[in-house]
Amino acid sequence: MSPGMSLYSVNAIVILSSDDGSRIFSKYYTPPHAAAGAPGSGVAAGLATSSASQNPYPDKTSQTRFEKGLLQKTAKQAGDILLYDNKVVLYKMESDVAIYVVGSADENEVLLYNVLLAIRDSLHLLFKQSIDKRTIVENYDLVSLAIDEIVDDGVVLETDPTIIIQRCSKAPPQDVNLSRLDPFTEQGVNNLAQLGKAKLTDWLRQGL
């Protein structure tokens, strides 16, 4: 595997209030230890590798310090990428929240940016409105579920928002828009079946 590419690409995903810097959502990932018997292993090398593979923000104190510094740094930036605390950080400001995806300094920025866009676009589709602090807090379970569909244990699983929301969203009501149904998916077939059953019941009642 070439430098800059890693299976465990994401160190952390954080959502902060841009008003007061308070934490709304955060998930820090600890990459696994080096495999036993890897080149350069041994007691000294193994300890060094184990220490290096640990999450640099293992407790709430270090995480809070990192998050506050991160918000202060990005509040004055116009872009969406920076190097902070020897980490590559991709971020987006949405209404009164800031969304961050954090990776190691040599991680692939394009991959991290795709993760960031997947989070933002999935939340937009789930909420069908702007992403703000109140909406995230009130739908915390959906936010957590969506992010788990995107990243698991630091590994990027999915970046297509349409696939992500299909796995997270609830079943549609009976009064569904037919033009938005995709009949070639399992979900589309189920939706059409439920809709047809409801319409048949209505017709039978009208006939009686």
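Reader: What share of the contacts in the chain with a separation of 6 or more comes from residues 24 or more positions apart?

Author: In this predicted model, residues 24 or more positions apart account for 51% of the contacts with a separation of 6 or more.

Reader: Which secondary structure elements does the chain have, and in what pattern do they follow along the sequence?

Author: The chain comes to seven helices and seven strands. Read along the sequence, the pattern is β-β-α-α-β-β-β-α-α-α-β-β-α-α.

Reader: Let's turn to the aromatic residues. What makes Phe 66 and Tyr 84 an aromatic pair, and why is the pair called tilted?

Author: Their rings are 5.6 Å apart, centre to centre, and rings pair if their centres lie within 6.5 Å. The angle between the planes is 40°. Planes under 30 degrees apart would count as stacked and those over 60 as edge-to-face, so the rest are tilted. That is the class of Phe 66 and Tyr 84.

Reader: Which parts of the chain does this pair tie together?

Author: Phe 66 lies in helix 2 (residues 60-74) and Tyr 84 in strand 3 (residues 81-84), so the pair ties together parts that are 18 residues apart in sequence.

Reader: Why does Phe 66 get its accessibility label?

Author: Phe 66 has 2% relative accessibility, and buried means under 20%, so Phe 66 counts as buried.

Reader: How many aromatic pairs are there, and which residues do ring pairs link into a cluster?

Author: The structure holds five aromatic pairs. Ring pairs link Tyr 28, Tyr 57, Phe 66 and Tyr 84 into a cluster.

Reader: And Tyr 140: why is this residue called partly exposed?

Author: Its relative accessibility is 37%. Buried would need a value under 20% and exposed one over 50%, so Tyr 140 counts as partly exposed. Tyr 140 lies in helix 5 (residues 140-150).

Reader: What does Tyr 140 touch, not counting residues up to four places away in sequence?

Author: Tyr 140 touches Ile 24 and Phe 25. Tyr 140 and Phe 25 are 115 residues apart in sequence, yet 8.2 Å apart in space, C-alpha to C-alpha.

Reader: What stands out in the phi of Asp 85?

Author: Asp 85 has a phi near 55°, a positive value in a residue other than glycine. Most residues other than glycine have a negative phi. Asp 85 sits in the loop between strand 3 and strand 4 (87-94).

Reader: Where is Ser 95, and what is its phi?

Author: Ser 95 is in the loop between strand 4 and strand 5 (97-104). Its phi is also positive, near 55°.

Reader: Why do Asp 85 and Ser 95 receive their accessibility labels?

Author: Asp 85 has 46% relative accessibility, which falls between the 20% and 50% cut-offs, so Asp 85 is partly exposed. Ser 95 is at 58%; exposed means over 50%, so Ser 95 counts as exposed.

Reader: Which residues does Ile 81 contact, leaving aside its neighbours within four places in sequence?

Author: Ile 81, a residue of strand 3, is in contact with Val 88, Val 89, Leu 90, Tyr 91 and Glu 109. Ile 81 and Lys 92 are 11 residues apart in sequence and 9.0 Å apart in space, C-alpha to C-alpha. At 41% relative accessibility, Ile 81 counts as partly exposed.

Reader: Where is Gly 79, and how far is Gly 79 from Tyr 91?

Author: Gly 79 is in the loop between helix 2 and strand 3. Gly 79 and Tyr 91 are 12 residues apart in sequence and 8.5 Å apart in space, C-alpha to C-alpha.

Technical notes
Residues numbered from 1 in each chain as written. Predicted model: local features only at pLDDT ≥ 70, side-chain atom pairs only at ≥ 80, totals over all residues. Heavy atoms only, no water. Helix = DSSP H or I, 4+ residues; strand = E, 2+ residues; numbered from the N terminus. Contact = heavy atoms within 4.5 Å. Phe/Tyr/Trp six-rings, centres within 6.5 Å; stacked < 30°, edge-to-face > 60°. Buried < 20%, exposed > 50% of the residue type's maximum accessible area, 1.4 Å probe, protein only.
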